[in-house]
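Open the model in your viewer and keep the selection panel at hand. This tour goes stop by stop.

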Amino acid sequence: MSTVPRKKLLTGPIIRSAVKDSFVKLNPLTLMKNPVMFVVEIGTFMVLLMVLAPGLFGAEASRGFNVAVFIILLFTVLFANFAEALAEGRGKAQADTLKRTKQDISANKLVGDAIKTVASAELRKGDIVIVRQGEMIPGDGEVIEGLASVDESAITGESAPVIKEAGGDFNSVTGGTRVVSDQIKVRITSDPGESFLDRMISLVEGAKRQKTPNEIALSTLLISLTIIFLIVVVTLRPIAAYLQVDLEIPVLIALLVCLIPTTIGGLLSAIGIAGMDRVTRFNVLAMSGKAVEAAGDINTMILDKTGTITFGNRMASEFVPVGKETEADVARWAAVSSGLDETPEGRSVIELVKKLGHPYDSTLAEGGDFIEFRAETRMSGMDLTDGRMVRKGAVDSVKRWVLSQGGIIPADLDPKSNGIAGKGGTPLAVAVNDRIYGLIYLKDTVKPGMKERFDELRRMGIKTIMCTGDNPLTAATIAAEAGVDEFIAESTPEDKIEVIRREQKEGKLVAMTGDGTNDAPALAQADVGLAMNSGTTAAKEAANMVDLDSDPSKIIEVVAIGKQLLMTRGALTTFSIANDIAKYFAIIPAMFTLAIPEINALNVMGLGSPSSAILSALVFNAIIIPLLIPLAMRGVSYKPMSSVKLLRRNIFVYGLGGILVPFIGIKLIDLFVNIWM
Ligand SMILES: Nc1ncnc2c1ncn2[C@@H]1O[C@H](COP(=O)(O)OP(=O)(O)OP(=O)(O)O)[C@@H](O)[C@H]1O
Ligand SMILES: [K+]
Ligand SMILES: [Mg+2]
């Protein structure tokens with residue numbers, strides 16, 4: 001499933017520092033954030049007092065028993081702390097590596113016409129810098145002039161350089177990456193301390209980790225259970241006294257700790273952190289745990305065509321004249337309309353004109369007004385000084401524009417443009433005032449393996465919708481080739497948001513991937529917005545996830561990880577509560593057997609003695625936490641299937657298992673304890 005090599009999960013230094021942190025986290029002020037464990041810590045402290053000053057709370061068990069309870073309780077808290085520290089450890093280690101990347105870089109800042117060397121820390125939003133071959137890019141920004149290949153391995157871990165160029169969707173650069181060839185002019189887009197690298201460091205470090213709504217709901221449940229059992233245990237003493245049973249305080253504390261959901265309470269935050277970490281290991285930066293969890297519940301996925309489903313390096317490959325026009329005329333006007341068009345499409349037109357050797361008079365456009373490409377108009381071009389207006393753009397847009405000036409549409413325009421679209425290409429019409437000269441054939445290819453990916457999504461019950469600004473025929477061709485469920489052609493940025501809203505109104509959770517500035521509003525509207533690292537700054541800022549490898553199909557892995565995170569939490573909660581029920585049957589009979597012999601019928605486990613029964617249950621309660629750490633960190637195994645099936649399977653495995661495992665575990669520990677005692 002993974003495309004990214006798995007890095008080693010745990011190393012010696014991470015484990016060592018986690019052991020140390022387990023003790024640091026004993027600080028009650030820290031532990032208070034985890035109420036279940038906090039209750040255990042208070043219990044530990046009370047038993048310690050009874051060991052140190054016997055007789056403090058009246059009825060107390062033997063000193064040896066108290067010492068044993070104290071040690072087991074202390075380890076219960078330490079194990080829970082260790083789980084959390086371990087989960088945090090990987091992120092911290094990664095943050096340290098990133099911080100080393102973030103050394104001070106010197107920048108060639110443009111001040112008027114002069115170049116001044118300044119420290120990267122002095123750069124502000126809006127500053128213009130020149131980055132030459134071999135130099136580090138001093139801050140996040142957008143290429144405003146030129147083209148260069150950039151080594152982004154410091155951030156993405158991927159060593160193949162990527163092309164960054166002015167205009168279009170591949171213009172954003174990240175501070176700390178290196179220009180390996182050519183030279184670019186960059187406009188800085190972030191102030192110090194707010195760069196992508198800064199955000200990435202605080203993310204992997206978990207510095208601003210907030211509980212997700214799911215986690216908050218579960219914590220509330222755990223707190224309620226803790227309070228209920230606290231009341232049960234406290235009121236048990238007078239009831240027992242009435243039955244002439246003297247319940248000792250350490251025994252009551254042991255009972256309480258066994259009954260409250262310590263297993264999930266101890267592992268809950270580790271599960272969340274590990275889920276985030278799994279996403280990071282796939283080279284996806286999630287801005288919040290909430291986004292990852294939302295990914296696990298996605299019903300609909302919106303993808304754009306160009307650059308997501310296709311490679312997106314749409315290149316002009318042919319000039320196709322219509323009517324009585326010639327290829328050279330199409331090429332000439334295409335060139336005039338593209339002279340200042342810095343989009344990849346625009347530049348590829350100029351390149352094709354040169355390659356085909358068509359005469360190109362660049363003085364024609366001199367002094368004219370450049371009409372920049374906009375997703376709304378779907379056209380770009382030049383208004384010349386002599387009054388002539390030159391346009392290229394989506395065929396229907398250009399047709400409408402020509403008709404509005406009283407022009408006529410050549411009869412062979414539609415068949416020819418449909419021919420291009422039918423091959424999955426994008427036809428651009430070229431016109432001057434009311435006259436259409438012909439077409440530019442922009443070629444693009446579907447990325448390999450897309451069909452399999454969409455099949456997988458369908459098995460997960462997720463609907464895919466391709467939204468594109470391109471014409472319906474091209475869209476249909478690419479949609480069929482890639483195997484998406486639905487497509488929407490000629491969509492404006494507003495249309496994309498509309499589709500998302502429509503799905504959300506039906507109660508669906510929507511994911512969307514995109515890279516362009518025109519995708520930004522939709523990325524923000526979606527429940528899960530995954531932007532490509534190669535994309536524009538606007539897209540990356542609007543999204544709640546960024547894929548460092550710029551592989552939009554990776555949203556599938558993110559969904560799987562999100563599902564796995566939700567399932568792991570559910571499975572371990574079921575397991576934990578089922579466990580506590582089993583422990584009840586170990587402790588209650590032990591507590592009352594002497595006074596009420598009939599209750600021995602409940603002693604289904606046939607445990608040795610009352611005190612060994614209590615200690616065994618308590619030991620089991622403690623060691624189940626570290627035993628489950630690997631599962632919490634790795635996540636429960638996941639196969640694409642319907643959620644109802646999944647739920648049934650999990651209740652069976654973790655609910656039934658949760659009741660059976662402690663019966664066996666406690667019995668074994670009890671046998672062991674009795675040999676030893
Ligand atoms: N530089 C350009 N000049 C003129 N027309 C263009 C230019 N670039 C694209 N177009 C036309 O405008 C249409 C819309 O472009 P837009 O970038 O909004 O969407 P898209 O890239 O085709 O689709 P997607 O949303 O899948 O990325 C394109 O299909 C094409 O016909
Ligand atoms: K428990
Ligand atoms: Mg686009």
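**Stop 1: the ligand shell**

Select ligand 1 and the residues around it. Both domain 2 (299–311 + 446–548) and domain 3 (315–443) supply at least three residues to this shell. Keep in mind that you are looking at a predicted model.

Which residues come nearest to ligand 1? Of the 23 residues around the ligand, Lys305, Thr306, Ala394, Thr468 and Gly469 do. Now colour by element. Two or more shell residues come from each of α11 (305–309), α13 (344–356), β13 (379–383), β14 (389–394) and β15 (426–432). Then colour by residue class. The shell holds 11 polar, 7 charged and 5 nonpolar residues.

**Stop 2: the sheet**

Select the strands β11, β16, β15, β14, β13 and β12, in that order. These 6 strands make an open sheet with antiparallel pairing. Where are the edges? They are β11 (315–321) and β12 (369–371), each of which pairs on one side only. Look along the sheet: from one strand to the next, the twist averages 20 degrees.

Zoom in on β14 and β15. The two run antiparallel and are joined by 5 bridges. Pick Val390 and look across to β15: its bridge partner there is Val432.

**Stop 3: the domains**

Zoom out and colour the chain by domain. The assignment gives domain 1 as 12–94 + 205–281 + 560–676. Domain 2 is 299–311 + 446–548, and domain 3 is 315–443. How far apart are the C-alpha centres of domain 1 and domain 3? They lie 70 Å apart.

**Stop 4: a helix pair**

Select helix α4 (residues 63–101) and helix α22 (residues 610–634). Their axes come within 10 Å and cross at roughly 10 degrees. The two helices are therefore roughly parallel to each other.

Show side chains along the contact. On the α4 side, look for Phe65, Ile72, Phe75, Phe79, Phe82 and Leu86, among others. Across from them, α22 brings residues including Leu615, Leu618, Val619, Ile625, Pro626, Ile629 and Met633. What classes do the residues of this contact fall into? The count is 20 nonpolar, 3 polar and no charged.

Conventions:
Residues are numbered from 1 along each chain as its sequence is written. Chains are lettered from A and ligands numbered from 1 in the order in which they are written. This is a predicted model: local features need pLDDT of at least 70, side-chain atom pairs count only at pLDDT 80 or more; totals for chains, interfaces and linings use all residues. Domain bounds come from an automatic or database domain assignment. Axes are lines fitted to C-alpha atoms, for helices over the stretch in contact, and angles run from 0 to 180 degrees between N-to-C directions. Helices (H or I, at least four residues) and strands (E, at least two) are DSSP runs, numbered from the N terminus. Angles under 35 degrees count as roughly parallel, over 145 as roughly antiparallel, 65 to 115 as roughly perpendicular and the rest as oblique. Two residues are in contact if their C-beta atoms, placed from the backbone, lie within 7 Å. Ala, Val, Leu, Ile, Met, Phe, Trp, Tyr, Cys and Pro count as nonpolar, Asp, Glu, Lys and Arg as charged, and the others, Gly among them, as polar. A residue is near a molecule or strand if its C-beta atom, placed from the backbone, lies within 6 Å of it. Two strands pair if DSSP finds at least two bridges between them.
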